Amino acid sequence: MEKQDLVIVGAGTAGAVAAAEAARKGLRVCLVDLKKRELIGEKVCGDAIAKHHFDNLSMQYPSGDELEGRVDGMRVFSPDRETSLRILGEGMSGFTINRQRFGQRLLKKALDAGATLLDQTRVIGPLIQDGFVRGIEAKQEGSEGKVEIPASVTVDASGCVGAIRSRLPPSFGVESDIKNEDMIVAYREIRSDVAWSSNLGEIYLTMQLAPGGYYWIFDKGNGKINIGLGVQMTGKHPNPKEQLYKHVLSHTIFRKSKMEQGGGGIVPTRRPIYSLVSDGILIAGDAACLVNPIHGGGIGPSMLSGRLAAQVAVEALEKGDVSKEALWQYNIRYMQSYGAKQAGLDIFRLFLQNISDDELNFGMKNRLVKEEDVLRTSMTGNLQLSIIDKAGRALKAMARPGFLMKLEKTATKMREIKALYQRYPAPSDFERWKHSVASIYESLVGQ
């Protein structure tokens, strides 16, 4: 195949947005995906996305057969289900979508802009020459041999598997392996004939039923729901499908419902990988761990990362320099716009994964965690407790002082790590910056 300006591995949300942006700017772009063209966009997902992601990118809202419901906010339940927080606000409103049709819309925009697509094509690995990624090696379904797709810049948007990222030599300085404790394995179904509807997405926190994760219910309209359960991938974790059927779908309200679609998947719920770039390569979407660490939403940050990756690739190619240093602006732009918030939320994720159901029941019942706390934290990545709030909460927390101490330590560490990501370094200071980030995580061990 003739040399491309940009080869993008994965035609999902990040890849399709990157392809459309780059092709509109005149680049020769090739999208490569394992799925058949008509199945691109289909993915096990919560199918919800906040409105502000579209606003930030000036993108058209879901409509027509893409749009399946509207969400005004979230309702978060304590493990004993005796307390719930209704999280409302501009940043919490959004849509539930038909994931495949939405993906097809993004793909069409990329192809209409001039990108080409190789579907049903498995990526084998990167082409590396003189210390740079110079494209990919792949194999098309039904063909005997391999095909090389040379490119000036490669984008890995292949999802959690990280088809290129995971195969890069250590010399590229990119995290190749993601720890199991930073992953959620989830199972979800689309079910019909459910006598339930709500303009609020529902999230149920429970270490007993969904250790390290939660289960959810989102209304998709017309008697349909998206319902699923995710657990942290540590040790001998429970099977999320078995947990969903045993503890959730066994409820009376779901007994007459019908499964229309089901499936499982793995989601990286952590801060972004330390660097999203190296020589000749940019990493976007789930492949770079750009999922919200609290609720696992990845559509919005994937779109943002695809847009930013394409913009930086265009700039680098115009200068004739695709080195790590020339692509570094992608790191800075992403980390300052969204990554810093993710890093803060990652600390909050660890807090939630390391407290018991009893502690969380107590904290929510006594309003040691309030609606405004959750809203502000979800939108900014900061947890701010005023002096007056601290005094009032301290009185309520006298029976369990350890909970408030953990909450205050979490708030402090969230501010510290968010500030580090907002001051994302130049390449020359990268190793020192990484050490500072690692030190914050080390201080949380045994919390």
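How many bridges join strand 5 to strand 6? Five bridges join strand 5 (residues 73-77) to strand 6, and the two strands run antiparallel. The model described here is predicted.

## Strands 5 and 6

In the pairing of these strands, Gly73 stands opposite Leu88 of strand 6. Strands 5 and 6 form a hairpin with six residues between the strands. Arg81 in this hairpin takes a positive phi, near 65°.

In a regular strand the side chains alternate between the two faces of the sheet.

## Helix 7

Helix 7 covers residues 357-365, and seven of its nine residues are buried, so the helix is largely enclosed by the rest of the structure. The buried residues are Asp357, Glu359, Leu360, Asn361, Phe362, Gly363 and Met364. After helix 7 comes Arg367, with a positive phi near 55°.

## Aromatic rings

A pair of aromatic rings is described by the distance of the centres and the angle of the planes. The structure holds 16 aromatic pairs. In one of them, the ring centres of Tyr421 and Trp433 are 4.9 Å apart and the planes stand at 70°; the pair is therefore edge-to-face, a class that needs an angle over 60 degrees. This pair links distant parts of the chain. Tyr421 belongs to helix 10 (residues 401-422) and Trp433 to helix 11 (residues 430-442), with the two residues 12 residues apart.

Phe430 and Trp433 both lie in helix 11, three residues apart, which is about one turn of the helix. An α-helix has 3.6 residues a turn, so residues three or four places apart point the same way. Both Phe430 and Trp433 are buried. Ring pairs also join Tyr274, Trp328, Tyr421, Tyr424, Phe430 and Trp433 into a cluster.

Another ring has a charged neighbour: Arg271 lies over the face of Tyr441, at 4.0 Å from the ring centre.

## Cysteines

A disulfide is a covalent bond between the sulfur atoms of two cysteines. How many disulfides does the count give? The count comes to zero disulfides. Cys289 is in no disulfide, and its nearest cysteine sulfur, that of Cys160, is 6.8 Å away. A disulfide would need the two sulfur atoms within 2.5 Å.

Cys289 has 0% relative accessibility and counts as buried. Cys30, also at 0% relative accessibility, counts as buried too.

## A pocket and a cavity

Rolling a probe the size of a water molecule over the atoms shows where empty space is left. The second largest pocket holds about 430 Å³ of space. It is lined by 20 residues, and the closest to its centre are Lys179, Glu181, Asp182, Leu350 and Tyr441. Tyr441 is also the residue whose ring has Arg271 over its face. Helix 6 (324-353) and helix 11 each supply at least two residues of this lining. Helix 6 gives the largest share, four residues.

The structure also holds one cavity of 30 Å³ or more. About 40 Å³ of space lies in the largest cavity. Its lining consists of Arg70, Val71, Thr96, Ser198, Asn199, Leu200, Gly201, Phe218 and Asp219. Strand 4 (67-71), strand 13 and strand 14 (214-221) are the elements that give two or more residues to this lining.

## The loop with Asp193

Which strands lie on either side of the loop that holds Asp193? Asp193 is in the loop between strand 12 (183-192) and strand 13 (200-205). With a relative accessible area of 46%, Asp193 is partly exposed. Asp193 and Phe254 are 61 residues apart along the chain, while their C-alpha atoms are separated by 8.5 Å.

Technical notes: Residues are numbered from 1 along each chain as its sequence is written. This is a predicted model: local features need pLDDT of at least 70, side-chain atom pairs count only at pLDDT 80 or more; totals for chains, interfaces and linings use all residues. Side-chain values use heavy atoms; hydrogens and water are left out. Buried means under 20% relative accessible area, exposed over 50%, partly exposed in between (1.4 Å probe, protein chains only). Rings of Phe, Tyr and Trp (its six-membered ring) pair if their centres lie within 6.5 Å; planes under 30 degrees apart count as stacked, over 60 as edge-to-face and the rest as tilted. A charge sits over a ring if NZ of Lys or CZ of Arg is within 6 Å of the ring centre and within 35 degrees of the ring normal. Two strands pair if DSSP finds at least two bridges between them. On a 1 Å grid over the protein atoms alone, a cavity is a set of points where a 1.4 Å probe fits but cannot get out, and a pocket is an open set with protein on both sides within 12 Å along at least five of seven lines; lining residues have an atom within 4 Å of a point. Grid points are joined across faces, edges and corners, and a volume is the space filled by probe spheres set on the points.
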